[in-house]
Amino acid sequence: MNYARFLTAVSAARKPSPIRMLTEIQQRSPPSMISLAAGAPNPNTFPFQSCSIQVKNGDMLTFDETMMKRALQYSSSSGIPELLTWMKNLQKNLHNPPTANYSAEKGQMDMCVTTGSQEGLCKVFEMLVNPGDNVLLDAPTYSGTLAALQPLGCNLINVPSDQHGMIPGGLKEVLSRWDPADVHKPHSTVPRVLYTIPNGGNPTGASMTTQRKREVYELARQYDLLIIEDDPYYFLQFDKPWAPTFLSMDVDGRIIRTDSFSKILSSGLRIGFVTGPKPLVDRVVLHIQASTMHTSTFTQLMVSQLLHGWGQEGFLNHIDGVIEFYRTQRDAMLSSADKWLKDVAEWHSPAAGMFLWIKVKGVADTQKLIMEKAMEKEVLLVPGGVFMINSSDPCSYVRAAFSLSTPQQIDEAFKRLSALIKESL
Ligand SMILES: Cc1ncc(COP(=O)(O)O)c(CNc2cc3ccccc3n(O)c2=O)c1O
């Protein structure tokens with residue numbers, strides 16, 4: 001793969017920070033090295049001594065004085081080594097990426113830690129997307145992605161999708177506007193980037209079938225596209241075996257995958273990951289060097305201690321418990337929807353994630369219904385327009401999350417929603 005053709009001028013211009021390189025040399029050096037280089041503060045001046053964090057299974061995560069000094073200090077921009085190593089092993093075990101053993105220039109699988117997958121998405125978009133670029137995605141889509149992409153001045157092209165995710169025939173039709181032979185010509189307008197949320201989509205709850213992923217991947221090969229696989233709900237797939245990921249079929253090194261611990265360990269700790277070809281991950285790390293420098297060392301160490309204590313088996317056992325919680329929540333929402341909304345709305349049962357995408361029959365645009373009438377009735381949902389490429393386009397859908405409210409609250413909320421829909425019709 002020729003990765004240079006995908007980089008924006010800004011990303012291509014990024015150079016390693018000399019100071020950050022010195023910090024990393026120092027961290028790799030033996031204690032005999034005396035460094036007067038880093039402008040790092042002396043941790044002996046920090047007011048924090050130690051900490052212990054009680055884990056629900058009875059384990060205790062402890063930072064003694066030495067560990068606390070490390071936790072409170074600068075660390076590597078790509079992430080602390082023990083967390084990166086743990087995650088790389090998990091990715092290899094879960095997805096067995098063909099790129100795991102490729103050479104660096106051929107697109108060897110690499111990873112970096114980001115402050116939530118939101119940071120990863122934002123930096124990946126800023127690495128790849130120039131003003132005027134054609135970017136492919138299946139709307140409705142995550143509003144945070146639209147917020148990161150649209151200010152870049154790109155032209156978002158919608159690819160048709162349904163409850164089984166992006167429709168390969170729709171992608172083929174969209175791409176037929178261009179000749180694959182023009183892909184590598186200078187000033188080509190052929191799209192270079194495709195973004196999708198393959199499992200438990202936000203807001204639709206849609207999950208792509210394996211067959212559709214294979215067909216989309218083949219089209220990406222024909223037109224030399226990079227695929228951004230934004231997959232924070234991968235671990236919230238209710239049924240096993242979990243769907244094979246684009247990463248698991250990536251023979252070319254054209255997948256950039258974002259993972260998140262937000263839905264399974266903590267959203268406030270802000271731990272996400274970018275997995276992709278080393279030449280591209282390197283560019284994201286250079287951007288991190290010049291922006292946040294790195295994700296919080298403290299939270300990385302805390303999560304790393306937890307994961308090393310659990311091992312992959314313990315991690316996956318924890319995930320099983322999380323899945324059962326959200327399955328129960330989903331089933332509660334589906335039964336309340338059946339009870340209160342079946343005459344006035346339609347929906348599909350999500351196979352993953354935390355969202356129900358509800359089409360309100362007879363209502364062309366839910367914006368007013370939700371932002372005014374629903375508020376009066378004290379029920380909060382998200383009007384579907386916020387997930388559309390053009391947020392002013394009318395949208396008859398609403399997004400309901402089944403993550404936070406109890407089954408009883410969900411039932412009362414849908415009772416209120418039903419009443420206000422019937423009043424408005
Ligand atoms: C598809 C997709 N990709 C990336 C992210 C970012 O997750 P991160 O790893 O935590 O950075 C998300 C998070 N989605 C949401 C977050 C959120 C936060 C506060 C309040 C509301 C929020 N609502 O509604 C959301 O959908 C997502 O759904």
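**A walk around the rings**

Modeller: Let's begin with lysine 106, which lies over the face of tyrosine 102, 3.8 Å from the ring centre. Keep in mind that this is a predicted model. Arginine 5 does something of the kind: its charged end sits over the ring of phenylalanine 6, at 4.6 Å from the centre.

The structure has 13 aromatic pairs. To describe such a pair, you give the distance of the centres and the angle of the planes. Take tyrosine 233 and phenylalanine 355: their centres are 5.8 Å apart and their planes stand at 80°, so this pair is edge-to-face. Tyrosine 233 belongs to the loop between strands E9 and E10, while phenylalanine 355 is in strand E13, so the pair ties together parts 122 residues apart in sequence. Both tyrosine 233 and phenylalanine 355 are buried.

Next, find phenylalanine 261 and phenylalanine 273. With centres 5.0 Å apart and planes at 75°, this pair is edge-to-face too. Phenylalanine 261 is in the loop between E10 and E11, and phenylalanine 273 is in strand E11, twelve residues apart. Phenylalanine 261 is buried, with a relative accessible area of 2%, and phenylalanine 273 is buried at 0%.

Phe261 and Phe273 are part of one aromatic cluster, together with Trp86, Tyr234, Phe235, Trp242 and Phe315.

Terms used: Residues are numbered from 1 along each chain as its sequence is written. This is a predicted model: local features need pLDDT of at least 70, side-chain atom pairs count only at pLDDT 80 or more; totals for chains, interfaces and linings use all residues. Side-chain values use heavy atoms; hydrogens and water are left out. Rings of Phe, Tyr and Trp (its six-membered ring) pair if their centres lie within 6.5 Å; planes under 30 degrees apart count as stacked, over 60 as edge-to-face and the rest as tilted. Helices (H or I, at least four residues) and strands (E, at least two) are DSSP runs, numbered from the N terminus. Buried means under 20% relative accessible area, exposed over 50%, partly exposed in between (1.4 Å probe, protein chains only). A charge sits over a ring if NZ of Lys or CZ of Arg is within 6 Å of the ring centre and within 35 degrees of the ring normal.
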